[in-house]
Amino acid sequence: MSFTDTRSHAAHEEVPIDAEEARRARARRLEKTGRWLFPMLIMVLAIIMWDRICVWNEIPRYILPRPGEVLATLITDRGLLFSSLLTTLKITFLSLLLAVLGGVGLSVLFTQSKWVEMSFFPFAVILQVTPIVAIFPLINIYVDNQTAKLLLCAWIVAFFPILSNTTLGLNSVDRNLLDLFKLNGASRWQTLWHLRLPASMPYFLGGLKIAGGLALIGAVVAEFVAGTSGQSSGLASRIIEAGYRLNAPRLFAALILISFTGILIFLVLTWISNRILRRWHESALKQEH
Amino acid sequence: MAQAAATDGPQLILRSVGKTFGNDVVALRDVNMTINHGDFLSLLGPSGCGKSTALRLVAGLSSPTSGLLDWRGPPMGKSDVGFVFQEPTLMPWATVFENVWLPLRLQGVSRAEATPQVSEVLAQVNLTGFENAVPRELSGGMKMRVSIARGLVTRPRLLLMDEPFAALDEITRFQLNSDLLALWEQERFTVIFVTHSVFESVFLSNRIVVMAAHPGRVYGEMEVDAPYPRDEQFRTSEDYAHLTRKASSILRAAMGIEDGEGAHPDVLH
């Protein structure tokens, strides 16, 4: 027997390239830098414009503070703001964790039996489509503990994308692979562990990315409607409080912190997703051309 | 002519096997067929003749509506049947080693215990050194080799193949044909090979069962009276041309096509 399959050649062979290829390579390099450079430039320009508009129109700081003032507030109020950020983060991550456990757990339960899925999926949809702000007064009546209230609220918002995506993934298994498992006498548990769960991983991670953002939104919205105050309150309370006191710089500072938290959550989840999928899934492959 | 593929008695006899699907489609009607120990049997036929359905019945993936699968010899266990699909059907998240290990793993064989067997079968399909590659890093032919290795890792007595090379380019297909034959001559497992290629069935098998469609049934049978080992020279020999012409004319008759002047064997789709 001889073996004729070709293997890919080393990619970094030094060969002279023609003008067209050189132009393409240059365009690629430009695009690589431009991808982060241009958004940064626009951002800096926008901040400068913001500052100028404040000065030119003599806008009072309780209506629109200058960027420098917001930054100064971020530093002077850091004790207050960061402890609030920590509270919001705690609610966000706990609810995301519960959403993962609940969403994956329920979807596994759903795939064990078509009947369970058919019977219970509508409830999940109802929970999802009813605005959380409308449900909250009820939660307020039935749940005493403040943290539990917020958690429940954020969880309701975050768990659905995980549930629906993971359910889709668990059911999107190659039929032939299922046959192969059947042929080898695999148990239900083996099929779940070795086949359905890994196959649903890209779907689950897609749901997780959405749920991460929603958990933060849920945590903030819940706090808005719950209207907490005091030392242990989160960023939403700081915003309400600052609004009442016409402390616009702090309002902006809190808003910026929430924004950055959202961006950070998205980046971290994207990074995790790429780490897990990079060897096998199309979505995580580096572009080669 | 010396028949290297000496067989020793029936391993499986299909007796009046029929299969009707829920939507009243008759996939198979009154199929009678004998598979001998050590046979390389091709099921040749056009689309819709039920050859894949027959294979699934033999695999135990579905059960016949009527008739009987009469197994001879020692009872067949899970590890006695290997199955190779039309697509490589590999788990994309798992390495080559893990994909091949799978049938053993499902029987509770640990990674360490399975390593000698997996290494041996990977060597047989010329994939030593690719244990840690994942499927997307492999070419189509190499993926199919992994799939064959997975089918053989339990050392089955019966290997079922459902048009395994249909999606490959011709050069790769010829190479895999030869490699498969070499493996079969060495290990002497029984093969049931579903194909719609006359060329492939003649090159590989010692017996060809030709099937007809609507409803799926056995139309005729043919011994491929050429000695093993068969090499690439065989593909251009007089014998081969003669045998493909014969198989082709049975197939054309099965499809209800008049076998006129200048009729030549063709790959049917």
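In which order do the strands of the open sheet of 3 strands in chain B run? The order is β2-β1-β4, with antiparallel pairing. This is a predicted model, in which local features need pLDDT of at least 70, side-chain atom pairs count only at pLDDT 80 or more, and totals for chains, interfaces and linings use all residues. Residues are numbered from 1 along each chain as its sequence is written, while chains are lettered from A and ligands numbered from 1 in the order in which they are written.

**Domains and chain contact**

- Domain bounds come from an automatic or database domain assignment.
- In chain A the assignment gives domain 1 (21-59) and domain 2 (67-283), and the centres of these two domains of chain A, taken over C-alpha atoms, are 32 Å apart.
- In chain B the assignment gives domain 1 (1-76 + 158-173 + 186-269) and domain 2 (89-156).
- The centres of domain 1 and domain 2 of chain B, taken over C-alpha atoms, are separated by 27 Å, and their contact takes 8 residues from domain 1 and 6 residues from domain 2.
- Two residues are in contact if their C-beta atoms, placed from the backbone, lie within 7 Å.
- Between the chains, the contact takes 22 residues from chain B and 20 residues from chain A.
- On the side of chain B that touches chain A, the elements giving two or more residues are β5, α4 and α5 of chain B, and α5(B) gives the most, with 3 residues.

- Helices (H or I, at least four residues) and strands (E, at least two) are DSSP runs, numbered from the N terminus.
- Two strands pair if DSSP finds at least two bridges between them.
- Strand β1 (residues 10-20) of chain B pairs with β2(B) in the antiparallel sense over 7 bridges, and Thr20(B) stands opposite Val26(B) in β2(B).
- In the sheet with the order β2-β1-β4, the edge strands are β2 (26-36) and β4 (66-71) of chain B, each of which pairs on one side only.
- Ser16(B) is placed in strand β1 of chain B and has a positive phi of about 45° although it is not a glycine.
- Ser16(B) is exposed, with 12 other C-beta atoms within 10 Å.
- The burial classes count other C-beta atoms, placed from the backbone, within 10 Å of a residue's own: buried means 20 or more, exposed means 12 or fewer, and partly exposed lies in between.

**Helix α4 of chain B**

- α4(B) has 13 residues and reaches 19 Å from its first C-alpha to its last, close to the 18 Å expected at 1.5 Å a residue; the expected span is 1.5 Å times one less than the number of residues.
- Of the 13 residues of α4(B), 12 are buried, so the helix is largely enclosed by the rest of the structure.
- The cover over the buried residues of α4(B) includes β5 (81-84), α2 (96-105), α3 (111-124), β6 (158-162) and α5 (170-187) of chain B.
- Gly141(B) lies in helix α4 (residues 140-152) of chain B and counts as buried, with 21 C-beta neighbours inside 10 Å.
- The C-alpha atoms of Gly141(B) and Thr172(B) are 6.1 Å apart, although the two are 31 residues apart along the chain.
- Arg155(B) is in the loop between α4 and β6 of chain B, has a positive phi near 50°, and counts as partly exposed with 13 C-beta neighbours inside 10 Å.

**Nonpolar cores**

- A nonpolar core is a set of buried Ala, Val, Leu, Ile, Met, Phe, Trp, Tyr and Cys residues joined through C-beta atoms within 7 Å.
- The largest nonpolar core has 84 residues, of which Val100(B), Ala149(B), Val191(B), Val210(B), Met211(B) and Ala247(B) touch the most other members.
- Apart from that core lies another, of 49 residues, including Ala158(A), Phe204(A), Leu205(A) and Ala222(A).
- Leaving out residues up to four places away in sequence, Val191(B) touches Phe40(B), Leu41(B), Leu159(B), Met161(B) and Trp184(B).

- Ala254(B) is in helix α7 (residues 238-254) of chain B and counts as buried, with 20 C-beta neighbours inside 10 Å.
- Beyond its neighbours within four places in sequence, Ala254(B) is in contact with Gly45(B), Val210(B), Met211(B), Ala212(B), Tyr219(B) and Gly220(B).
- A cis peptide bond with omega of about -5° joins His214(B) and Pro215(B), and Pro215(B) lies in the loop between β8 (207-212) and β9 (217-223) of chain B.
- The peptide bond from Tyr228(B) to Pro229(B) is cis, with omega near -5°, and Pro229(B) lies in the loop between β9 and α7 of chain B.
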